[in-house]
Amino acid sequence: MARTPLRSDLIEQITARVLDRRLAAGARVNEVHLARELGVSRTPLREALIGLADRGLLVSAPGRGFLVPPFDPDEARRLYPLVAELEALALRWTSPVELAGLPDALDAVAGEMALADGSALSALDDRWHALLLSRCPNPHLLRLIEQTKPLLKRYESAYFARRGHAGESIEEHRRIAAALREGDLTAACSVLVANWVKALAYLGKDER
């Protein structure tokens, strides 16, 4: 007998559908169809949907079930600077010795990013940022970043889906690695925050 997916598995699968827009922004979640598609009963599915609503990735609407929130420029303007500052804080929490071991690996991922586009580029960008924060010893801060990023990734996926070039962003990734190699944490954090804020500016141009 095939096992029923755990709640965390369901949350991950539904999140993926929101981020790649199989569950479109502004659409109502059809629980019957989704339960059939995922091979689960309505009870564990609803538990997962409630969990995603608690995290802000879905909205629970009385009488209408669960909705995927529409894209909101104000939300994007709140999220990008927040994640930027949280990631910079995670770097500051990391010891210089741990940071010194990251630049070569960060450059290697940035090299892969230069050859990718679309969803592959987005996945590599996720990998680069995960690596950047991988030595941070503060689990509470990392958990906060992990919980916040899916909200931002809805916008990020649209950004990577529409833009055919990301050379400037990749160059900034390399500058962050170079600053860490030189032991200049202040410069690394400054470029990191600027990179996130610049992505928001580009997304705004695409939305208009």
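Arg154 is buried, with a relative accessible area of 4%, where buried denotes under 20% relative accessible area, exposed over 50%, and partly exposed the range in between (1.4 Å probe, protein chains only). In this predicted model, local features need pLDDT of at least 70 and side-chain atom pairs count only at pLDDT 80 or more, whereas totals for chains, interfaces and linings use all residues. Residues are numbered from 1 along each chain as its sequence is written, and side-chain values use heavy atoms, with hydrogens and water left out.

The side chain of Arg154 meets that of Glu75 in a salt bridge, at 3.8 Å from N to O; a salt bridge is defined as a side-chain nitrogen of Lys or Arg within 4 Å of a carboxyl oxygen of Asp or Glu. Arg154 belongs to helix α8 (residues 139-162) and Glu75 to helix α4 (residues 73-93), so the pair ties together parts that are 79 residues apart in sequence. Helices (H or I, at least four residues) and strands (E, at least two) are taken as DSSP runs, numbered from the N terminus. Glu75 is likewise assigned as buried, its relative accessible area being 16%.

Across the whole structure, 14 salt bridges were found. One of them joins Glu37 to Arg17, with the closest N and O atoms 2.8 Å apart. Glu37 is located in helix α2 (residues 31-38) and Arg17 in helix α1 (residues 7-19), so this pair ties together parts that are 20 residues apart in sequence. Arg17 is buried, at a relative accessible area of 11%. A further salt bridge is formed between the side chains of Asp107 and Arg181, at 3.0 Å from N to O. This pair links distant parts of the chain, since Asp107 is in helix α6 (residues 103-113) and Arg181 is in helix α9, 74 residues apart. Both partners count as partly exposed, with a relative accessibility of 22% for Asp107 and 44% for Arg181.

The overall architecture comprises 10 helices and two strands. From the N terminus on, the order of elements is α-α-α-β-β-α-α-α-α-α-α-α. The chain has 208 residues, of which 44% count as buried. Among contacts in the chain with a separation of 6 or more, 73% are accounted for by residues 24 or more positions apart; contact means heavy atoms within 4.5 Å.

Helix packing was examined next. Two packed helices are described by the angle between their axes and the distance between the axes. Axes are lines fitted to C-alpha atoms, for helices over the stretch in contact, and angles run from 0 to 180 degrees between N-to-C directions. Angles under 35 degrees count as roughly parallel, over 145 as roughly antiparallel, 65 to 115 as roughly perpendicular and the rest as oblique.

Helices α6 and α7 pack at an angle of about 170°, with 9 Å between their axes, and are therefore roughly antiparallel to each other. On the α6 side the contact is made by Ala105, Leu106, Val109, Ala110, Glu112 and Met113, and on the α7 side by Leu121, Leu124, Asp125, Arg127, Trp128, Leu131 and Leu132. These residues divide into 10 nonpolar, no polar and three charged, where Ala, Val, Leu, Ile, Met, Phe, Trp, Tyr, Cys and Pro count as nonpolar, Asp, Glu, Lys and Arg as charged, and the others, Gly among them, as polar.

Helix α7 (residues 118-132) also packs with helix α9 (residues 167-181), at an angle of about 15° and with the axes 12 Å apart. Helices α7 and α9 are therefore roughly parallel to each other. In this contact, Asp125, Trp128, His129 and Leu132 of α7 meet His173, Ile176 and Leu180 of α9. The contact residues comprise four nonpolar, two polar and one charged.

Two further positions were considered individually. Ser119, placed in helix α7, is exposed, with a relative accessible area of 65%. Its C-alpha atom is separated by 8.8 Å from that of Asp20, 99 residues away along the chain. Thr94, by contrast, is buried at a relative accessible area of 5% and lies in the loop between α4 and α5 (96-100). Not counting residues up to four places away in sequence, Thr94 touches Leu99, Arg135, Cys136 and Pro137. Thr94 and Pro137 are 43 residues apart in sequence and 6.5 Å apart in space, C-alpha to C-alpha.
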